[in-house]
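Hi,

Here is the structure I promised to pass on.

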Amino acid sequence: MSKKILTKEELGARLYEYYLKNYGERDTDIWYDQPAVNVMTFGRDGEYISLKAHILTGEIEVFVSER
């Protein structure tokens with residue numbers, strides 16, 4: 001049995017919910033163009049933070065690097 005790939009809307013919702021729960025919304029966050037439908041990247045406090053959702057499970061991975 002194969003799993004269904006999550007839709008663009010489902011992926012976006014999971015990423016945004018994770019962002020709100022784990023980082024909280026700030027007016028000073030700098031948002032960057034999405035490189036893929038399952039990735040969101042923003043800048044905060046001298047760091048780039050990328051959130052990546054697995055396309056089947058919606059599980060979020062976080063990648064942080066210095067700006």
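Below is what turned up, going from the overall fold to the details.

A word on the ground rules: this is a predicted model, so local features need pLDDT of at least 70 and side-chain atom pairs count only at pLDDT 80 or more, while totals for chains, interfaces and linings use all residues. Residues are numbered from 1 along each chain as its sequence is written, and side-chain values use heavy atoms, with hydrogens and water left out.

**Overall fold**

The chain has 1 helix and 4 strands, in the sequence pattern α-β-β-β-β. Helices (H or I, at least four residues) and strands (E, at least two) are DSSP runs, numbered from the N terminus. The C-alpha atoms fill a box of roughly 45 × 20 × 20 Å along the principal axes. Of the 67 residues, 27% are buried; buried means under 20% relative accessible area, exposed over 50%, and partly exposed in between (1.4 Å probe, protein chains only).

**The sheet**

The 4 strands make an open sheet in the order S1-S2-S3-S4, with antiparallel pairing. Its edges are S1 (30–31) and S4, each pairing on one side only. Two strands count as paired if DSSP finds at least two bridges between them. By that count, S1 and S2 share 2 bridges, S2 and S3 are joined by 6, and S3 and S4 by 7. Some bridge partners to click on:

- Ile30 with Gly43 in S2
- Thr41 with Ser50 in S3
- Ile49 with Val64 in S4

S2 is worth a look, because 6 of its 6 residues are buried and it is largely enclosed by the rest of the structure. Val39, Thr41 and Gly43 point one way from S2, and Met40, Phe42 and Arg44 the other way.

**The core**

The largest nonpolar core has 10 residues: Leu6, Leu11, Leu15, Tyr19, Met40, Phe42, Ile49, Leu51, Ala53 and Ile60. Helix H1 (8–22), S2 (39–44) and S3 each supply at least two residues of this core. Here a nonpolar core is a set of buried Ala, Val, Leu, Ile, Met, Phe, Trp, Tyr and Cys residues joined through side-chain atoms within 4.5 Å. Leaving aside neighbours within four places in sequence, Ala53 is in contact (heavy atoms within 4.5 Å) with Leu11, Leu15, Asn38, Gly58, Glu59 and Ile60.

**Salt bridges**

How many salt bridges does a search of the whole structure find? There are 2, taking a side-chain nitrogen of Lys or Arg within 4 Å of a carboxyl oxygen of Asp or Glu. In one, Asp45 meets Arg26 at 3.2 Å, N to O. Asp45 sits in the loop between S2 and S3 and Arg26 in the loop between H1 and S1, so this pair ties together parts 19 residues apart in sequence. Asp45 is exposed at 61% relative accessible area, and Arg26 is partly exposed at 37%. Asp45 also has a positive phi of about 50°, in the turn of the S2–S3 hairpin, which has 2 residues between its strands.

Asp29 and Arg44 form a salt bridge too, with their closest N and O atoms 2.7 Å apart. Asp29 lies in the loop between H1 and S1 and Arg44 in S2, so that pair ties together parts 15 residues apart in sequence. Both partners are buried: Asp29 has a relative accessible area of 9%, and Arg44 has 7%.

Cheers
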